[in-house]
Amino acid sequence: MEEQNNKLIVILGPTSSGKTRLAVKLAREFDGEIISADSRQVYRGMDVGTGKDLAEYGEVKHHLIDVVEPTDLFSLAQYKKLAEAAIDDVIKRGKIPFLVGGSGLYLQAVVDNYDMAEVGVDDGLRQELEHSDILDLYDKLKAANPAFAAKVNESDRKNKRRLIRYIELNSSASKSEGPTVKPPKYDCLVLGLNPGKEIIDKKIRQRLLDRLENEDLVAEVDRLHTQGVSWQRLHGFGLEYRFISEYLQEKCDHETMFDRLNIAIRQFAKKQMTWFNRWGKQGRKIFWLEKAENEEEAVGFIRRFLA
């Protein structure tokens with residue numbers, strides 16, 4: 001890909017920071033398309049709980065939303081392959097790609113160009129690990145590559161197949177500084193949204209109330225289970241799907257579910273910011289926007305980047 005034609009704009013931030021709203025405005029301004037970097041929005045039928053907000057996109061084309069069934073396994077390597085294909089297609093058609101989301105591992109795999117596909121399937125290792133429980137598998141991953149293990153999100157830490165694949169990827173060679181990376185494929189401008197903890201906490205609570213009262217989040221989780229998604233699988237998706245599954249199984253009442261879920265989402269937002277700050281310390285320049293609701297600052301960054 002030509003050096004002058006490989007520009008990628010990244011918009012990241014914690015949950016409820018306003019990424020989608022800003023990205024849609026910017027995509028309209030610069031004739032762009034959005035590539036989602038959300039580890040749960042790839043699943044069909046998981047709409048309310050993952051905050052797809054599809055109506056918000058309007059005429060702006062989006063990619064990597066609703067690509068697999070929630071009963072299917074979906075790996076980081078699969079995501080990176082599909083994301084790069086979408087980005088390359090957008091660039092080929094003369095438009096600007098916007099990689100947008102809060103899943104740090106997905107974002108970093110594309111931006112830093114992780115070499116996830118170089119390690120093939122190790123049937124012997126998989127058979128050896130098959131009977132290990134989740135905690136044991138995560139301990140094995142930490143032993144193989146502490147830096148990589150620290151970056152694995154909550155959902156993947158409870159996903160046996162993904163943990164086995166991550167161990168497989170990290171057991172073939174020493175990667176104490178993180179996964180193998182190739183030369184960057186894209187020239188990236190990374191913009192970050194962080195309205196601050198107080199604002200984020202208020203937005204998280206209000207959005208959760210709206211989803212439970214107006215968008216019927218409980219009905220979505222119940223429907224997914226009725227359609228064949230196991231309680232264990234729903235639990236593994238974390239946050240809304242975990243706590244509402246427990247509520248539907250009568251393991252807690254509605255008030256307890258809401259309080260625990262509200263706290264868990266706030267903790268998740270804090271972990272996202274920890275990831276982004278660590279990425280910055282690793283050398284990735286992130287331009288943090290002061291006002292998420294006003295795209296003027298972002299437009300300025302992008303115009304200078306594309307010039």
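By salt bridge I mean a side-chain nitrogen of Lys or Arg within 4 Å of a carboxyl oxygen of Asp or Glu. Helices (H or I, at least four residues) and strands (E, at least two) are DSSP runs, numbered from the N terminus.

Some background. This is a predicted model, in which local features need pLDDT of at least 70 and side-chain atom pairs count only at pLDDT 80 or more, while totals for chains, interfaces and linings use all residues. Residues are numbered from 1 along each chain as its sequence is written, and side-chain values use heavy atoms, with hydrogens and water left out.

Back to the pair. Arginine 284 is partly exposed, at 21% relative accessible area, whereas aspartate 112 is buried, at 18%. Buried means under 20% relative accessible area, exposed over 50%, and partly exposed in between (1.4 Å probe, protein chains only).

How many salt bridges does a search of the whole structure find? It finds 25. Another of them joins the side chains of aspartate 187 and lysine 7, at 3.0 Å from N to O. Aspartate 187 lies in strand E5 (residues 187–193) and lysine 7 in strand E1 (residues 7–12), so this pair ties together parts 180 residues apart in sequence. Lysine 7 has a second contact: its charged end sits over the ring of phenylalanine 305, 4.4 Å from the ring centre. For that, NZ of Lys or CZ of Arg must be within 6 Å of the ring centre and within 35 degrees of the ring normal.

Now the aromatic pairs, of which the search finds six. Rings of Phe, Tyr and Trp (its six-membered ring) pair if their centres lie within 6.5 Å; planes under 30 degrees apart count as stacked, over 60 as edge-to-face and the rest as tilted. Tyrosine 79 and tyrosine 106 are stacked, because their ring centres are 4.2 Å apart and their planes are at 25°. Both tyrosine 79 and tyrosine 106 are buried. Phenylalanine 148 and tyrosine 166 are edge-to-face, with 5.2 Å centre to centre and 70° between the planes. Phenylalanine 148 and tyrosine 166 are buried too. Finally, ring pairs link Tyr43, Phe237 and Tyr241 into a cluster.
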